[in-house]
Amino acid sequence: MTKHKVEEYIKEILSGYYGNNWQTIYNKSELIQYLNLKSGAIHGDSNSRRSLANWYAIYAILTFYKDNNFVNHKIEYLKFEGFRYTPLFEFTRNQYGGEKLQNHALNSRVNGEFKNKISSDKNKNLIVISDGKYFIHPDYLYISLNGKEIDIVPAALKIIKTYQKILYEKDNQFAMSLKKIKDLKSYEKQKRALIQLLNRDTEARVFEIMSYAILECHFKNTKVYIGLSKKDIKEKYLQIYKTGRTNANDGGIDFVMRPLGRFFQVTEVSNYDKYFLDIDKVNHYPITFVVKTSCPAKKIYTDLINYGDEKSGGLEVLKNKYHSAIEEVITINELVKWMSELNNDDVQFLVSEIDRYFKLEMNIVDVN
């Protein structure tokens, strides 16, 4: 198991509950270590997904545990047969940012990630499923300290609620920034303010939303001529479509361009395996990668080509497939350049699109 630095907010909560023993509790609690691992999204420069489904699956079960008076009543809990799925799932859907969550976390994803990244016992699930009912394995809820058994559920719940509050404040901060930008009277000032929001520290969902809106503005005035025959050729403007939820961990393609059929995938620069996983999933169909980095696009493109050559093992057929599958790389540098070139009407459109899609993702308003 890889050691991860303990987040300050988790350290403060554990200190509040356990005083000088907080580090011992942390070291003994794989559940709290997992929550710490999943906390990366609170940082502005984080590459981590929020993974709210995993957080809220645990949150739901622990909340029901507390509400059913199991805290410090281990004997009763050991006789318990589990909580029903529907109330748990409804609980996750009612949490901040959880309106469109699916059931994968409760049924598999938490256990899979927990075993891969935290658990010292690969045969023991964090979430136990028995006859369609769910509960947390008791070995992860109780810690032995100085001859006493401590129920860590109250501290774990506090950690989850604090994480939720931090994310809400981050989202609200971006919403306030957008409002200030919309209120600026000068389009040039709006443009400069948007450029300042786009950098390597931009939160992953915000980066995807801004990338989409910039690409939409950049391509929407570009014409192509297409038809089934010479006499059927028509003038068409390029259009970008979002294909799913922002930053969804579903292995899908983020944007599609019509009528050319280009695929766009928003991603991070750190793990090239992820790029080639996306390439393999679409059967080596050409992908344009939109990368959250300030490195030159040419360097990232070259790195990907070299990585593909290594991955191919020298097989020419695979090398050719990987080369043709990497259509283009777009980085923050290109996005900023394209923003700088926008006219006043396009800047107004860009601001409204970023605002619209952010509110859609946060379920602030309904968008028809």
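Modeller: Start with a helix end. Asn271 caps the N-terminal end of α11, with a side-chain oxygen 3.1 Å from the backbone nitrogen of Asp273. Some ground rules: this is a predicted model, where local features need pLDDT of at least 70, side-chain atom pairs count only at pLDDT 80 or more, and totals for chains, interfaces and linings use all residues. Residues are numbered from 1 along each chain as its sequence is written, and side-chain values use heavy atoms, with hydrogens and water left out.

Biologist: How do you know that the buried residues of α11 line one face?

Modeller: Tyr272, Tyr275, Phe276, Asp278 and Ile279 are buried. Seen down the axis of α11, they fall within an arc of 150 degrees, so they line one face of the helix. The arc is that of the directions from the helix axis to the C-beta atoms. Their cover includes β10, β11, α12, α13 and β12.

Biologist: What makes strand β10 largely enclosed?

Modeller: Buried means under 20% relative accessible area, exposed over 50%, and partly exposed in between (1.4 Å probe, protein chains only). Five of the six residues of β10 (residues 262-267) are buried, so the rest of the structure largely encloses the strand.

Biologist: How do you know that β10 pairs with β9 and with β11?

Modeller: Two strands pair if DSSP finds at least two bridges between them. Three bridges join β10 to β9 (residues 255-258), and these strands run antiparallel. Val256 stands opposite Phe263 there. Five bridges join β10 to β11 (residues 287-291), and these run parallel. Phe264 has Thr288 as its bridge partner in β11.

Biologist: What makes β8 and β12 edge strands?

Modeller: Five strands form an open sheet in the order β8-β9-β10-β11-β12, with mixed pairing. β8 (239-242) and β12 (326-330) each pair on one side only. For β12, four bridges join it to β11, and the two run parallel. Ile287 has Ile326 as its bridge partner in β12.

Biologist: Why is Tyr241 called partly exposed?

Modeller: Its relative accessibility is 38%, so Tyr241 counts as partly exposed. Tyr241 sits in strand β8. Its side chain makes a polar contact of 3.4 Å with that of Gln239.

Biologist: What makes Glu113 and Lys38 a salt bridge?

Modeller: A salt bridge is a side-chain nitrogen of Lys or Arg within 4 Å of a carboxyl oxygen of Asp or Glu. In this pair the closest N and O atoms are 2.9 Å apart. Glu113 lies in helix α7 (residues 104-117) and Lys38 in the loop between α3 (30-37) and α4 (52-67), so the pair ties together parts that are 75 residues apart in sequence. Lys38, Glu113 and Lys117 are linked in a network of salt bridges.

Biologist: Are Glu113 and Lys38 buried or exposed?

Modeller: Glu113 has 17% relative accessibility, so Glu113 counts as buried. Lys38 has 9%, so Lys38 counts as buried too.

Biologist: How many salt bridges does the structure hold?

Modeller: It holds 22. Among them, Glu316 pairs with Lys319, the closest N and O atoms being 3.9 Å apart. Both lie in helix α13 (residues 316-325), three residues apart, about one turn of the helix. Lys319 has 23% relative accessibility, so Lys319 counts as partly exposed.

Technical notes: A polar contact is a pair of N or O atoms within 3.5 Å; within protein, one must be able to donate a hydrogen and the other to accept it, and residues adjacent in sequence count only if both atoms are side-chain atoms. Contact means heavy atoms within 4.5 Å.
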